[in-house]
Amino acid sequence: ELIRPSQGQTLYILDEPTTGLHFYDIEKLLNILHELVDKKNTVIVIEHNMDFVKTADWIIDLGPKGGFGGGEIIFEGSVDKIIKTQNKTGLALKKALIKTKLKSKPRILEKEKNYPKNLIIENAKENNLKNVSANIEHGKMTVFTGPSGSGKTSLAFDTIYQEGQLRYMESLDTFSRFFLKNAKRANVEKVQNIFPPIAIEQKSHSLNPRSTIGTITEIYDRLRVLYSHLGVAFSPDTNEKLKTISPEYVANKILSFKENEKIQVLAPISLKSNQSFENLVEDFSKQGFLRIRLNKNYFSFDEKIPFDTSLKNEILLVVDRLKISKKIHSRLLEAIDIASKISDNKIIIAFEKEDLFFNLAFADEKTGKSYSQITPKSFLFNSQDGMCLDCQGLGYLYGMDILSEKKLSKASILDLAYIFFEDKEIDFLISYFDYLNIDVDTPMKNLSDRDLNIFLNGSKTKFKQKNSSFIFKGLNSTLAEMAKHSSKNLKESLVPLMEKTTCPSCSGKRLNPLSRNVRIKNLSITDFCSLPVEKAYTFISKIELTETQKKILKDTLDTIEQNLKFLIEIGLGYLSLDRSAPSLSGGEFQRIRLATQLGSYLTSCIYILDEPTIGLHPHNSYLLINALKKLKDLGNTLILVEHDEMLIKEADYIFDFGPKAGMQGGQIIAKGTYNEIKKDPKSLTGLYLSHKKKIPLPTKRRDISEKNLKIKNANLHNLKNIDVSFPLNALTIVTGVSGSGKSTLINDILKKAAFLGIHQRKDEITLPYAKISGLDNFNKVISLDQSPIHQSSRSDVSTYSDIQPIVRSIYSNLMLAKTKGLKPRHFSYNHLSGMCRTCWGLGYKKIQLQFLPPVTTLCESCKGFKLNPISLEVKYKNKHIGHLLDLTILEAFDFFEAFAKLTKKLDYLIEVGLGYLKLGQGLTTLSGGEVQRLRLAKELSKKRSNKTLYLLDEPTIGLHFVDIEKLLKIFHSLVDKKNTIIVIEHNLDVIKNADYIIDIGKDAGEKGGKVIAEGSIDELIKNRNSYTAKYLKSYASK
């Protein structure tokens, strides 16, 4: 530790370092520790040796006794003060001091120093930052604002969070660090007084379909414990309560089978810890047992048994082998009794073709069917113990929803077989379904759930014919596979028909039948998770525990109740715990993580949040603000990257970045409180906050009388059979509080119908939950949602924007390229033909260091230009493709002025305000707002007509006031060209610019799903029932 470069401010914690040391060695140890303290470090030692203790600067004495008699601080102070007391440590120290003089040096104690008030950052140069320095006060809420791409995220996440993460990792031992992803050190000269950072950003949104709100917040883990202890299990077949059954009952059940049929009474056994299979066999052999069944195969104890420790083995002890007859009654009872004692009441009766499982402690009295004991694992839909085996715990199946088509639902398996198969194959198919006892002539709507599930989703049952074994994959999975991998024509026909369909076996509940039938107060765990969080909280708060139950479950129940309360406080009471993670918006996901942090009660941390207001209606913002204040009041420091005026107003301090984006930004142009920023003439944000600069309103509103795009009887999710009409050739904004049903209406209904209508060339599309008409007014649909774009180390602005293919084509048509026989692929740094073989087209080499972050060095072969030497010889205007990567979009526009196709694409990027980006700039370096506009530019650059329907979901995410102004100009120019734009939005500046507004609400979840108000802005602000009208009226008056 002394060899390390002295940085100071390191905390050393030692546990009895004098153990095993001689007095002479203790003196050496003390010298080392005092030297560390002299270098501005802090040392905390747990120690009993008084020769050591007497040299301390500060003593904390715990006691007064051990165990339950201790646990209190009985003294805190210097050596001089403790020796004046009569406690045991004080008396012992007094004796030690008589022998020798005190060796410690007088120091100013840390308690007397000032607690670090500020996080100090000096000369940050990450990405586009230009030697930025900042002092951020701890325990306060600080906002970073400014145009998109001005450097806010670079300072907040790439500098502060990165440095904090790195320091945490440095505190770990070498072995632990080996398993963690090494963090790269931020490009900054000094970061001082940094606390442990926690990042809540947009990029980390989980897309795992197995994740739900319950699993993300860990509420579901605690629910599993609660239901396994408090839940009452009922039979999935008879709905009878599962109880204990007697060995007599099992014996009678077995004897009711066909006489003379051979059976074996088996006891499930498992290896104990540190027990080998050979020892287990020896133990049972001594008890008189002769045979065992291992993984479906029977073995005698006398023969060599092939036991593989790497497999998950099923071991069953053969207790007795019998033939069914009334004479064996007493012998069978005895075998059942022995088996139940060996295997904790679990018995397997093995017939020649199948096994019958019995659990004496857990069975249905009416049918005798036994079930496995309920444990927390029984409710785990990501494990074989709890999942529905048909959908593997996902709750849905992917394929064609045949039953939604009335004509097809009336057809039989045989009718459909004639569509897909030839005569020989049909005969084979009939014999397969006969083998499974499924009638191929019964209409599908009349088939049992089991038979229908096998036909649609397949079966693992093997069917043998002519020495070959076959399994049926199912019609749905076959069509789904064809939609992915078949010919282009087939794909185009099948893809619109493919969709996620609710699993018919579990009805989307994810769990197996038994787990779905364990109830508390008549509510199963799946029923509980499907409740809105507000109702779930009410239910859980009414559960009363007995004194015995309190000892086990009180903490579990309290934690569930508390976490549900935090979700309600943050404005997510309308969501249910079974809501799948991919279906959440970025804003919802961020707020769920924020609620989880509130429940953790961490203090002295730095929370860095990336636009926590995304997806929030102004009416919901106060809930978020209250949650952030609670987090701050716990003693945490909050750093927010934010553009929302309501949240900026609540900040203790504001840093305004700018003056522009990219290389023209990267500076703090203004800082201060809300009122100081408003008055600062240098602050671009301040000009908008003080309303000296405003986003202009259209001078003339468009005609909205022609409302030919109509949705009728929309009743999906929380929508209440609503009818909505949209004007054509206009900008329509759909708004409303979070969770009111906006995304359901636009993304789940209109978007799906529009794609189907254009593909099938129909004016009217009828879905199970809505009827949509007026689709023949469009010949193209462009949809832009919040799903993240694919970002890899190989993707950059030019590859994502489809600029590279045109550039490659230009270079391959040059004279030198033709002479050398070079094709477009030879100019691609992502293709083997064109890439530099030293760095494989990356432009740099990564040198992996075992316990340190990898070091990146410029590739010596291509000098960072990514291509091979032959491709780099070809130049246009004295520049090869490697040189182009360093050009900004504005520079590239001038450079390629002769190529209209390319300049058109570049023009769209300039139009959305991204002219400052470099062509070779990696997508991973872009901010959220830049990515959003890059996607928009890509969509705009595609070939389009004047009858395009644009569906946009919160396009203002990550955008500053100045960026929104640019975005609105694009919207208006598109509408002026006779296109129709429908936008889901909460931003009041965008809503003010709309020709037509539809307000969905009034509240979220079950209390939403209605059209509260619709019309022009003048009509809307007169509506007293609309939350949007209230905020719009107040904002418009400014």
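Which charged end sits over the ring of Phe895? The charged end of Lys877 does, 5.3 Å from the ring centre.

## Basis

This is a predicted model; local features need pLDDT of at least 70, side-chain atom pairs count only at pLDDT 80 or more, and totals for chains, interfaces and linings use all residues. Residues are numbered from 1 along each chain as its sequence is written, and side-chain values use heavy atoms, with hydrogens and water left out.

## Charges over rings

A charge counts as over a ring if NZ of Lys or CZ of Arg is within 6 Å of the ring centre and within 35 degrees of the ring normal. Besides Lys877 over Phe895, Arg510 lies over the face of Phe381. Here the distance to the ring centre is 4.8 Å.

## Aromatic pairs

Rings of Phe, Tyr and Trp (its six-membered ring) pair if their centres lie within 6.5 Å; planes under 30 degrees apart are stacked, over 60 edge-to-face, and the rest tilted. That rule gives 26 aromatic pairs. One of them is Tyr227 with Phe379, edge-to-face because the planes stand at 65 degrees, with ring centres 6.1 Å apart. Helices (H or I, at least four residues) and strands (E, at least two) are DSSP runs, numbered from the N terminus.

Burial uses relative accessible area: under 20% is buried, over 50% exposed, in between partly exposed (1.4 Å probe, protein chains only). Tyr227 is buried at 1%. Phe379 is buried at 0%.

Phe428 and Phe470 form another edge-to-face pair, 4.8 Å centre to centre with 70 degrees between the planes. Phe428 lies in helix H14 (residues 423-435) and Phe470 in strand E19 (residues 468-470), so this pair ties together parts 42 residues apart in sequence. Phe428 is partly exposed at 24%. Phe470 is partly exposed at 33%. Both belong to a cluster linked by ring pairs, along with Tyr432, Phe433, Tyr435, Phe455, Phe463 and Phe472.

## Helix H8 again

Arg224 is also placed in helix H8. Is Arg224 buried or exposed? Arg224 is buried, at 13% relative accessible area. Cys391 lies 167 residues from Arg224 in sequence, and their C-alpha atoms are 20 Å apart.

## Buried strands

Four of the five residues of strand E32 (residues 780-784) are buried, so the rest of the structure largely encloses this strand. E32 runs parallel to strand E35 (residues 948-953), joined by five bridges. Strands pair if DSSP finds at least two bridges between them. Leu784 has Leu952 in E35 as its bridge partner.

In strand E37 (residues 996-1001), six of six residues are buried. Side chains in a regular strand alternate between the two faces of the sheet. In E37, Tyr996, Ile998 and Ile1000 point one way, and Ile997, Asp999 and Gly1001 the other.

E37 has two strand partners described here. Strand E29 (residues 731-735) pairs with E37 in the parallel sense over four bridges. Strand E38 (residues 1010-1015) runs antiparallel to E37, with five bridges. Ile997 stands opposite Ile733 and also opposite Gly1015 in E38.
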